[in-house]
Amino acid sequence: MKEPWLSAVLRLGKTVENRSWAPKYRGRILLHASLKMEDHFYTEACAIMLSLNVFPPVRSELFFGGIVGSVDIVDVIPREATAEEALAVADRWGADVRWWMPVFGGRRQNGIILRNVTMLPRLIPYKGQVSLFDVPDAVVARA
């Protein structure tokens, strides 16, 4: 995940992750921090958080280039969902539907419902990939 959205999941109660793709997988995943963050991306994300009355994380507290936690994927708000349907899915899991952005970056978005966030005591350096990916057991054992 890119910052500052990852820190919003770890520290600010962001319970819906927006993606143009919808995972079929349900269960525990590791949270990986992207290696880079563009300045304009940070500025835009902070503006969105402020519009939700959430104080964004400061740059010096962001994570880059490794595994920083874990979370359960429990459901998905389909990108075609109406506001009422999205609210029903979010309410089923106690998720804050305000984090779902039906359109982001000009594309319709699925809302991946996240629960049981755990932050690791330290970042475990690891090269990420796009979408969900497997992590070797030896790396997971260091978590």
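**Close-up 1. S131 in the loop between strand 6 and helix 4.** S131 is found in the loop that runs between strand 6 and helix 4 (137–141), in a model that is predicted. Although S131 is not a glycine, its phi is positive, at about 75°. Most residues other than glycine have a negative phi.

**Close-up 2. The largest pocket and its lining.** Two or more lining residues come from each of strand 1 (16–19), strand 2 (27–33), strand 3 (66–77) and strand 6 (110–125), and strand 2 gives the most, with five residues. Sorted by class, the lining of this pocket holds 20 nonpolar, nine polar and eight charged residues.

**Close-up 3. The largest nonpolar core, and a second one.** The largest nonpolar core has 24 residues, and those that touch the most other members are W5, V16, M49, I77, W99, W100 and I113. Helix 1, helix 2, strand 3 and helix 3 (83–93) are the elements that give two or more residues to this core, with helix 2 giving the most, at six residues. In soluble globular proteins, nonpolar side chains tend to be buried together.

**Close-up 4. W100 and Q109, two residues in contact.** Leaving aside neighbours within four places in sequence, W100 is in contact with V16, N18, I77, P78, R79, A81, T82, A86, Q109, N110 and G111. Q109 sits in the loop between strand 5 (107–108) and strand 6, and at 5% relative accessibility Q109 counts as buried, because that value is under 20%. With sequence neighbours within four places again left out, the residues in contact with Q109 are N18, R19, S20, R79, W100, M101, P102, V103 and F104.

Close-up 5. A86, V89 and A90 are buried in helix 3, and because they cover an arc of only 95° around the axis, they lie on the same side of the helix. An α-helix has 3.6 residues a turn, so residues three or four places apart point the same way. Strand 3 and strand 6 are among the elements that cover the buried residues of helix 3, whereas E84, D91 and R92, on the other side of the helix, are exposed. Just after helix 3, G94 takes a positive phi of about 70°.

Close-up 6. N53, in the loop between helix 2 (39–51) and strand 3, has a positive phi of about 60° although it is not a glycine. At 73% relative accessibility N53 counts as exposed, because its value is over 50%. Most peptide bonds are trans, and most residues other than glycine have a negative phi.

Notes: Residues numbered from 1 in each chain as written. Predicted model: local features only at pLDDT ≥ 70, side-chain atom pairs only at ≥ 80, totals over all residues. Heavy atoms only, no water. Helix = DSSP H or I, 4+ residues; strand = E, 2+ residues; numbered from the N terminus. Nonpolar A, V, L, I, M, F, W, Y, C, P; charged D, E, K, R; others polar. Buried < 20%, exposed > 50% of the residue type's maximum accessible area, 1.4 Å probe, protein only. Contact = heavy atoms within 4.5 Å. Core = buried A, V, L, I, M, F, W, Y, C linked by side-chain atoms within 4.5 Å. Arc of directions from axis to C-beta.
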